[in-house]
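Subject: Structure handover

Hello,

Here is the structure for you to look at. My notes on what was found in it come after.

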Amino acid sequence: MEKLMKPAEYAQELGISRQAVYAKIKRGILTAKNVEGKLYIVVDNESTEETPSREKETTVIPKKSISTQTTLPPADVKDYKALLKAKDETISVLKGTVKDLKKSNKQISTTLKGEIDLLKEAFYEMRTLYVHQLEQKKSQEAIEVISEEESMDAEEERWIGLKKFFKQHKITNEKEQAKITKRLKKAYRAGDERIMGVEDKLKFNANKSYKDILK
């Protein structure tokens with residue numbers, strides 16, 4: 001006659017772990033039934049009733065002599081063999097579980113290693129890009145500094161003295177030079193921006209036109 005037992009009760013009955021019981025159900029060694037949302041193991045009622053009673057029985061054999069030997073009844077030997085078989089099955093299941101865990105750990109390690117390599121590559125690419133941008137920024141700043149210096153030099157070169165002024169406008173006659181000098185001084189006193197005074201000397205903007213003075 002069939003009997004329903006909880007996995008915990010069945011494990012306690014055979015002296016094995018609940019994990020081993022669930023593993024046997026998964027492998028099809030044990031038959032399980034779902035009753036009202038709970039899992040029960042289907043077992044033979046007669047075999048389960050006989051096992052506890054036999055376990056509770058204790059055979060006491062009086063010592064008649066030193067040569068007397070204690071032997072177990074065949075039924076007890078059969079029960080012990082069943083227990084040993086159950087233990088072997090449990091060990092086999094646990095070995096399979098350990099093997100699966102090792103395989104899973106190996107796969108996890110491989111996956112993590114791959115992700116770490118990807119992170120290293122991404123970090124290297126970001127570092128290379130950052131260094132490249134930094135070099136570009138430095139070179140751009142250097143170009144800007146050079147440009148500023150060149151513009152300052154150009155700004156200084158725009159102002160020339162009186163001799164260069166006459167040479168630029170090809171005025172060689174001394175009388176004409178004296179006449180134009182007076183005009184230039186007059187224009188300077190009038191606030192002409194083309195002319196400035198530096199250390200009691202007049203400087204002229206070489207990029208400006210002086211047709212109004214030279215006419």
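F165 is buried, because its relative accessible area is 1%; buried means under 20% relative accessible area, exposed over 50% and partly exposed in between, with a 1.4 Å probe and protein chains only. F166 also counts as buried, at 7% relative accessibility.

Before going on, note that this is a predicted model, in which local features need pLDDT of at least 70 and side-chain atom pairs count only at pLDDT 80 or more, while totals for chains, interfaces and linings use all residues. Residues are numbered from 1 along each chain as its sequence is written, and side-chain values use heavy atoms, with hydrogens and water left out.

Aromatic rings

The structure holds four aromatic pairs. Rings of Phe, Tyr and Trp (its six-membered ring) pair if their centres lie within 6.5 Å; planes under 30 degrees apart count as stacked, over 60 as edge-to-face and the rest as tilted. The ring centres of F165 and F166 are 6.0 Å apart and the planes meet at 65°, so this pair is edge-to-face. F165 and Y210 also form an edge-to-face pair, with 4.9 Å from centre to centre and 90° between the planes. This second pair links distant parts of the chain, 45 residues apart: F165 is in helix 5, and Y210 is in the loop between strand 6 and helix 7. Helices (H or I, at least four residues) and strands (E, at least two) are DSSP runs, numbered from the N terminus. Like F165, Y210 is buried. Ring pairs join F165, F166, F204 and Y210 into a cluster.

Helix 6

Helix 6 covers residues 174-189. Its 16 residues should span 22 Å at 1.5 Å a residue, and the end C-alpha atoms are 23 Å apart, which agrees; the expected span is 1.5 Å times one less than the number of residues. Which residues of helix 6 are buried? They are I180, T181, L184 and A187. Seen down the helix axis, the buried residues fall within an arc of 125°, so they line one face of helix 6. The arc is that of the directions from the axis to the C-beta atoms. On the other side of helix 6, K175, K182, K186 and R189 are exposed. Just after helix 6, G191 has a positive phi of about 90°.

Helix 2

In helix 2 (residues 18-27), the buried residues are A20, V21, A23, K24 and I25. G28 follows helix 2, and its phi is positive, near 85°.

Regards
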